[in-house]
Amino acid sequence: MASKMFRPFSSIMCIFYVVIYMLFSSTLVRADNLETFIVHLSLPEGRVFADPEEQKSWYGSFLPTTTTAAGDVSSRLVHSYRNVATGFAAKLSPEEVKEMEKKDGFIFARPQKKLALHTTHTPNFLGLHQNLGVWRGSHYGEGVIVGLLDTGIAPGHPSFDDEGMPPPPAKWKGKCEFNGTSCNNKLIGARNFVGGLTGPPVDNEGHGTHTASTAAGNFVPGANVFGMANGTAVGMAPRAHIAMYKVCTEEGCSDADILAAMDAAVEDGVDVLSLSLGGGSVDFFDDGIAIGAFAAIQKGIFVSCSAGNSGPFNASLSNEAPWILTVGASTIDRKIVATAVLGNKDFYTGESLFQPSDFPYEYMPLIDAGAGGNVTTGLCGPGSLDNIDVKGKIVLCQRGGGIARIAKGQTVKDAGGAAMILTNTEQDAYDTIADPHVLPATHVSYDAGVKIRAYINSTSTPWAAIYFEGTVIGSPSAPTVASFSSRGPSLASPGILKPDIIGPGVSILAAWPVSVDNKTNEKATFNMISGTSMSCPHLSGIAALLKSAHPDWSPAAIKSAIMTTAGQLDLEGGPIEDERHLPADIFALGAGHVNPSSANDPGLVYDLQPEDYIPYLCGLGYTDQEIQVIVRQHVSCSNTTSIPEAQLNYPSFSVELGPATKTYTRTVTNVGEANSTYAVEIKTEGVHVEVTPATLSFTEVNQKMTYQISFSKSATPVNGTYVQGAIVWRSAKHAVRSPISAKLV
């Protein structure tokens, strides 16, 4: 059907959007059944319209037969496109669209999307608005110093301009290793700790520039990549100061360098440390980041670290120490849409940051790089397509295999391919990413890939086209947990629930040292990348806001505020889902999705002081010497009352349940209204929970109260090893939620 409709391959097909409002087309079509559609059409080969009216008349021929009269066409046809699209805007019912599909020249139709003016978006998505709420209350993070350990920084980028910035606090002792005036009141420190590498901390990779601007970049209007996601780029704490400590190159990050940089940062006087790096799970005394982070919290410095990109597999976390905020990654409600349209008229929505305006929307031959079950060529690794005829074709490639997504497109381009459809592996399911591809491409789900491959195998002449739809805001399923986001349970300390929180980490637009679209004179250069490396600086910046608003809060109090106020629902009001479109479990979500505004006013916090971790470390079975490595003081566990992990005054619970009941205590501090009363709500399945007392009544700010919580197996049998739930302390104004994970043994 496709080959007949788009006969010779060289036929140029002008496809346009047609917006169709479902209107009253016959006595059988009710006005309230009508909606606006966007319809794509193919201009017949050699067809030239004498004037706009002739073109409009041709568009009218696609409308229901009852609207062929001129007046009816005018009432249905909303727009008649000439220069940017071949098509029209009309009002139709779904049944009428179905009937339209039978006509030659019809490609596909879809309902219109409501678009709005927007920024680079994660601040808005997280509820951060200029002159309102937590941004206003925290003075945008003013006076707080965010230190980042990363690949360096691009000092001349507009995100690090110091317009509107006060001088650094008097306590600042840091250095700037750049020459001249590269450092300023925004970028107040920059040092290179990479062993064997001399010179200033120039960012040759882009990663550090991106994370620094995400955490605390200044306002930059007109930010975009390839014209997509256009708006004002701004970090979470735009008035906070930045200090960069270069510890990584393209070869990786040495833990010796990391410890040296953390040591310097503590001395320099940072308030927040952000580390978008890590390794596998190890004992804390053997973990340089955990050791450095403990020294930081001893000085009141908040430490935020990425959870790792080894999901969706369980027990795949990095940075598990309870004195670190461990951050997983989620999506936001923005997509950069690119749709794959097949010759059988099926279409599959995907994503691509690169959206070339000169790429023809026409059917091209479609080929599966992995045809015949050839896994090697299917992965589209470098050189793998050299012996396959892909010239002028759209090539279906498989995600994974240790080959970067963009590199797969380069392979296709090098072999002469016209475009790429990148399909997920089963484990990545529906999780797609907008990448700056090197050729026209779209990244589609695993389910779409299966169907595209089935189509290829069903015909001797498979065809496809890619339609680029640009930036779309308002995906109702957001946030979802990213497939790559590492999952719990923690191996280093199973009695501490990790990750702690999730935040935006998929297709995040932020500063970049160079132009990815080869605009050599452009200073405001940005890129869009993904990873828990991107979610971590979001939380670092939010911690800076809380530190600015509440300078007396400890690192543990800030962490508690973030965790106990976290969201559990997506924009549609359903439970947050994972990459499979299934409700995400507690080892993917942790406490939930960050909510900065609520975190600024949590009501109660679970506080901890550095010395409180010593009984916990003794309870892990570490030797006195091993603990000393972490806490830098002599410890005698034989003279210390050790505690089980779940007894640590943490904002969440992770317990192992056998036949016996397990009982622990928690102490909460009132940081809300002086006179306030909280009643407990218990929400669990498969585990019986009792809390005593069931009501907490406070009369003073900073007053502490302790409750006892008991866990036992439910009388009702459950399937599975783990069950989950939560307790919520609720007052007239606040809901203080602590998630629960119970392992049944």
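My entries follow, starting with the sheet and ending with the cores.

**Entry 1**

I am working on a predicted model, so every value here is computed. I began with the strand order and got seven strands in an open sheet, E7-E10-E6-E13-E14-E15-E23, with parallel pairing. Which strands sit at the edges? They are E7 (187-192) and E23 (501-504), each of which pairs on one side only. From one strand to the next the twist averages 25 degrees.

I then looked at the E23 end. Strand E15 (residues 325-330) runs parallel to E23 and is joined to it by four bridges.

Helix H13 (residues 532-549) does, and it touches E6 (145-150), E13 (272-275), E14 (302-306), E15 and E23. Its direction makes about 125 degrees with that of E15. Helix H14 (residues 555-564) also packs on the sheet, touching E14, E15 and E23, and its direction is at about 50 degrees to that of E14.

**Entry 2: helix H9**

Is H9 buried or exposed? I found 10 of the 11 residues of this helix (residues 288-298) buried, so it is largely enclosed by the rest of the structure. Among the buried ones are Ile289, Ile291, Phe294 and Ile297, along with Gly288 and Gly292. I looked up what covers them: the list includes helix H8 (255-268), E13, E14, H14, helix H17 (613-619) and helix H18 (624-631).

At the N-terminal end Asp287 is the cap, with a side-chain oxygen 3.0 Å from the backbone nitrogen of Ile289. Just after the helix, Gly300 has a positive phi of about 80 degrees.

**Entry 3: from E15 into E16**

Between E15 and E16 there is a loop, and Thr331 is in it. I get 11% relative accessibility for Thr331, so it falls under the 20% cut-off and counts as buried. Beyond its neighbours within four places in sequence, Thr331 is in contact with Phe125, Asp431, Ala478, Pro479, Thr480 and Val506.

Strand E16 (residues 334-342) has eight of its nine residues buried, so it too is largely enclosed by the rest of the structure. I checked its partners. E22 (residues 463-473) runs antiparallel to E16, with nine bridges between them, and Ile336 stands opposite Thr471 of E22. E17 (residues 347-351) is also antiparallel to E16, here with five bridges. Val337 has Glu351 as its bridge partner in E17. The E16-E17 hairpin has four residues between the strands, and Lys345 there takes a positive phi near 80 degrees.

**Entry 4: aromatic pairs**

How many aromatic pairs does a search of the whole structure find? I got 21. I picked two to write down.

Phe359 and Phe468 are edge-to-face, 6.1 Å centre to centre and with 70 degrees between the planes. Phe359 is in the loop between E17 and E18 (364-368) while Phe468 is in E22, so the pair ties together parts 109 residues apart in sequence. Both of these Phe residues are buried.

Tyr707 and Trp729 have ring centres 5.0 Å apart and planes at 55 degrees, so I logged that pair as tilted. Tyr707 belongs to E32 (residues 704-713) and Trp729 to E33 (residues 722-730), so this pair links parts 22 residues apart in sequence. Tyr707 is buried at a relative accessible area of 1%, and Trp729 is buried at 0%.

I also noted one aromatic cluster, made of Phe284, Phe285, Phe294, Trp323, Tyr613 and Tyr622.

**Entry 5: nonpolar cores**

The largest nonpolar core has 99 residues. Those with the most contacts inside it are Leu149, Tyr245, Leu273, Leu275, Phe284, Trp323 and Ile562. Which element gives the largest share of this core? That is H9, with seven residues.

I followed up on Leu275.

Terms used: Residues are numbered from 1 along each chain as its sequence is written. Side-chain values use heavy atoms; hydrogens and water are left out. Two strands pair if DSSP finds at least two bridges between them. Helices (H or I, at least four residues) and strands (E, at least two) are DSSP runs, numbered from the N terminus. Axes are lines fitted to C-alpha atoms, for helices over the stretch in contact, and angles run from 0 to 180 degrees between N-to-C directions. Contact means heavy atoms within 4.5 Å. Buried means under 20% relative accessible area, exposed over 50%, partly exposed in between (1.4 Å probe, protein chains only). A polar contact is a pair of N or O atoms within 3.5 Å; within protein, one must be able to donate a hydrogen and the other to accept it, and residues adjacent in sequence count only if both atoms are side-chain atoms. Rings of Phe, Tyr and Trp (its six-membered ring) pair if their centres lie within 6.5 Å; planes under 30 degrees apart count as stacked, over 60 as edge-to-face and the rest as tilted. A nonpolar core is a set of buried Ala, Val, Leu, Ile, Met, Phe, Trp, Tyr and Cys residues joined through side-chain atoms within 4.5 Å.
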